[in-house]
Amino acid sequence: MCRALGRPLSLLLCLLLGAGARADELPEYRVKAAFLYNFMVFTEWPDNAAPDMTLCIVGDDPFGAAIDGLAGKRVADKPISIERVAADAALSRCRVVFITASAIDGLDGLLAGLGDQAVLTVADSAGAMQRGVQLNMRLTHSKVTFEANLDAARRHRLQLSSKLLRLATEVQR
């Protein structure tokens, strides 16, 4: 079944539905790195978005080398670059911001600092979606799942694919 689908969607579906999404079989943040890539693929940015696809990891990096495999891949014909930044860093160059658990206390200020820029925000902390993060990954019964905040995506002029939203465990409209 997984090979019959398009490559990015296939990867996401296989991770969500198959054993690959189980954190006890693959390292949790290796799975979450794959989710991040698919979140980028299944998000539509406005035409005036930056020419690159910079993924900024804010706070202490939980991914390690697992995220480095995304560097150089392309999303919407734009190369992905990875930057690890401090919680108080300027994020104007970032197209995707992953807020780590170590930086989640500063979430409100971080989101306010982004304004309405076309930036996809992702976290993996309880309550992050309700506080304004667009996509929040969760570990439930050793399986990585995610929830989506459509209102937050719209405020940032982003469109989350219906294919992606069908896989979310919760969608806040």
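The structure is a predicted model, in which local features need pLDDT of at least 70 and side-chain atom pairs count only at pLDDT 80 or more, while totals for chains, interfaces and linings use all residues. Residues are numbered from 1 along each chain as its sequence is written, and side-chain values use heavy atoms, with hydrogens and water left out.

Gln-134 lies in the loop between S6 and strand S7 (135-140); helices (H or I, at least four residues) and strands (E, at least two) are DSSP runs, numbered from the N terminus. Gln-134 is buried, with a relative accessible area of 0%. Here buried means under 20% relative accessible area, exposed over 50%, and partly exposed in between (1.4 Å probe, protein chains only). Leaving aside neighbours within four places in sequence, the residues in contact with Gln-134 include Leu-120, Glu-147, Ala-152 and His-156, contact being heavy atoms within 4.5 Å.

Helix H3 (residues 107-114) has Leu-107, Leu-110, Leu-111 and Leu-114 as its buried residues. Seen down the axis of H3, these fall within an arc of 95°, so they line one face of the helix; the arc is that of the directions from the helix axis to the C-beta atoms. The buried residues of H3 pack against strand S2 (53-58), strand S5 (96-99) and strand S6 (120-123). On the other side of H3, Gly-109, Ala-112 and Gly-113 are exposed.

Eight salt bridges are found in a search of the whole structure, each being a side-chain nitrogen of Lys or Arg within 4 Å of a carboxyl oxygen of Asp or Glu. One of them joins Asp-108 to Arg-131, with the closest N and O atoms 3.5 Å apart. This pair links distant parts of the chain, with Asp-108 in helix H3 and Arg-131 in the loop between S6 and S7, 23 residues apart. Asp-108 is partly exposed at 47% relative accessibility, as is Arg-131 at 35%. Another salt bridge connects Arg-155 and Asp-151 (2.5 Å, N to O). Arg-155 and Asp-151 are separated by about one helical turn because they are four residues apart in helix H4 (residues 150-155).
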